[in-house]
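Let's walk through this structure together, moving from the overall layout to the details of individual side chains. Please keep the sequence and the 3D view at hand as you read.

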Amino acid sequence: MASFRAFWNSPVGPKTTHFWGPVANWGFVAAGLADINKPPELISGNMTGAMCIYSALFMRFAWMVQPRNYLLLACHVSNETVQLYQLSRWAKGQGKQTEHPMAIKYNA
């Protein structure tokens, strides 16, 4: 019971925005994951790019704010991963990317 009370009253506990902000932001990750099976033609390159920038900025914020907000950091790292994947699907759908950007070509 003491550990629950410590969590409840902590500076990043459920009585603070340090807790509820990241919880709400997991919706972006869930939405991105739900869109993975949709056709690339339905992906907005502008919105996906904006989400990538947004998550990159908030990853830095989560790291720099005191106390460090690891829940927010994890949320935005996850969202950045999902959005970059979606951006690569959009680029392939637009014909702007033909293979994975990290692919290594071997000459046989």
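This is a predicted model: local features need pLDDT of at least 70, side-chain atom pairs count only at pLDDT 80 or more; totals for chains, interfaces and linings use all residues.

The paragraphs below go from the fold to one helix, then to the aromatic rings, the cysteines and a proline.

The chain averages a pLDDT of 88, and 89% of the residues score at least 70. Confidence is lowest in helix H1, residues 2–8, where the mean is 84. It is highest in helix H3, residues 45–64, with a mean of 95.

Now for the layout. The chain holds four helices and zero strands, and reading along the sequence gives the pattern α-α-α-α. Of its 108 residues, 30% count as buried.

Which residues of H2 are buried? They are Phe19, Pro22, Asn25, Val29 and Gly32. These residues cover an arc of only 135 degrees around the axis, so they lie on the same side of H2. Turn to the face of H2 that points away from this buried side, and you will find the exposed residues Thr17, Ala24 and Ala34.

From here we can move on to the aromatic rings. A pair of aromatic rings is described by the distance of the centres and the angle of the planes. With centres within 6.5 Å as the rule for a pair, the count comes to six aromatic pairs. One of them joins Phe19 and Trp20, with 4.8 Å from centre to centre and 90 degrees between the planes. Planes over 60 degrees apart count as edge-to-face, so this pair is edge-to-face. How accessible are its two partners, given that buried means under 20% relative accessible area? Phe19 has a relative accessible area of 17% and is therefore buried, whereas Trp20, at 48%, is partly exposed.

Another pair brings together Tyr54 and Phe58, whose ring centres are 5.0 Å apart. The angle between their planes is 50 degrees, and the pair is tilted. Both residues lie in helix H3, four residues apart, which is about one turn of the helix. Tyr54 counts as partly exposed at 24% relative accessibility, and so does Phe58 at 32%.

Which residue lies over the face of Trp63? Arg68 does, at 3.8 Å from the ring centre.

Next come the cysteines. A disulfide would need a pair of cysteine sulfur atoms within 2.5 Å, and by this rule the count comes to zero disulfides. Cys52 has a relative accessible area of 7%, so this residue is buried. Cys75 is buried as well, with a relative accessible area of 0%.

The peptide bond from Gln66 to Pro67 is cis, with omega near -5 degrees.

Key
Residues are numbered from 1 along each chain as its sequence is written. Side-chain values use heavy atoms; hydrogens and water are left out. pLDDT is the predictor's confidence in each residue, from 0 to 100. Helices (H or I, at least four residues) and strands (E, at least two) are DSSP runs, numbered from the N terminus. Rings of Phe, Tyr and Trp (its six-membered ring) pair if their centres lie within 6.5 Å; planes under 30 degrees apart count as stacked, over 60 as edge-to-face and the rest as tilted. Buried means under 20% relative accessible area, exposed over 50%, partly exposed in between (1.4 Å probe, protein chains only). A charge sits over a ring if NZ of Lys or CZ of Arg is within 6 Å of the ring centre and within 35 degrees of the ring normal. The arc is that of the directions from the helix axis to the C-beta atoms.
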